[in-house]
Amino acid sequence: MASHPAKSTAPLEYAPYDDATQSLRQIPRYPRSFTRNPSQPLIRRPLTLSERTGPADLARRLPVDRMDLSRPDAGTARVAGQLIHVAGRVLDEDGAPLAGAMIELWQANASGKYIHEMDRHEAPVDPNFTGWGRLVTGAEGEYEFITIKPGAYPVGESDWWWRPPHIHFSIFGVSWMQRYVTQMFFPGEALNETDLLYNGVPDPEARQRITFQLQPTKVGIPNLLRYRQDFVMRGKRATPAVD
Ligand SMILES: [Fe+2]
């Protein structure tokens, strides 16, 4: 009997992306590169039912669409730093919105300091700023939050590397196994030019997908700079994952 090529057992086929539009597996000069990125090609493995289900009803327990990291409690003063508004949508490869996706974000304060025991940078802690938030996308996949622009910070195990201002994001789909992690950068930052992670995405157009877009400025209350960026989870236009 003639043999036939095995048919793919994948439930869906996604438009493949060009490797240059994603992070390099090994980033030259990045000391922790091998702990962050797989050095071997990924293999597909079947998911169990418990991996495919849950978390459920997140939108009942978490803020939906919008949250404010710049004001720890209603009625208190805002934390120190340049106030910014960040908004966008979470989309699939066809541009369809992903409603109910859980977004977590974490960032340094305006001085480039995280509240974390591993952060040895001698910049001041802002006691009112936790630097993290969690929300769920709305019906159109939209999210928005108010925060402060994070500061740049030096990388401890390097003698030259400063990270440019950036915000870390983790996005969960319908199950815990669908986790996506990246960082978003700010346009026009000189330190973007030398950042190993930003430039670990070789394709310049793909780097724009991990760069906030400054929106037209407005003066009013509240005074804040507005940025936008969408997250595309798959396909040729996929937002590069940066860990
Ligand atoms: Fe960071």
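Strands are DSSP runs of E with at least two residues, and helices are H or I runs of at least four, all numbered from the N terminus. Residues are numbered from 1 along each chain as its sequence is written. The model is predicted: local features need pLDDT of at least 70, side-chain atom pairs count only at pLDDT 80 or more, and totals for chains, interfaces and linings use all residues; side-chain values use heavy atoms, without hydrogens and water.

**Exercise 1. Describe the open sheet that has the order 4-3-8-9.**

Step 1. This sheet has four strands, with antiparallel pairing. Two strands pair if DSSP finds at least two bridges between them.

Step 2. Find the edges. Strand 4 (132–136) and strand 9 each pair on one side only.

Step 3. Take the angle. Neighbouring strands are turned by 20° against each other on average, direction ignored. Axes are lines fitted to C-alpha atoms, and angles run from 0 to 180 degrees between N-to-C directions.

Step 4. Look at one pair. Strand 8 (residues 166–172) runs antiparallel to strand 9 over seven bridges. Ser-170 stands opposite Val-181 of strand 9.

**Exercise 2. Is Gln-183 buried or exposed, and which side chain makes a polar contact with its side chain?**

Step 1. Gln-183 sits in strand 9 (residues 179–185).

Step 2. The relative accessible area of Gln-183 is 1%, so this residue is buried.

Step 3. A polar contact is a pair of N or O atoms within 3.5 Å; within protein, one must be able to donate a hydrogen and the other to accept it, and residues adjacent in sequence count only if both atoms are side-chain atoms. The partner is the side chain of Arg-163, at 2.8 Å.

Step 4. Leaving aside neighbours within four places in sequence, Gln-183 also has contacts that include His-166 and His-168.

**Exercise 3. Which residues coordinate the iron ion?**

Step 1. Donors are N, O and S atoms within 2.8 Å of the metal (3.2 Å for Na, K and Ca).

Step 2. Tyr-114 (OH), Tyr-153 (OH), His-166 (NE2) and His-168 (NE2) coordinate the iron ion at 2.0 to 2.2 Å.

Step 3. Tyr-114 and Tyr-153 are 39 residues apart. Both are buried.

Conventions: Buried means under 20% relative accessible area, exposed over 50%, partly exposed in between (1.4 Å probe, protein chains only). Contact means heavy atoms within 4.5 Å.
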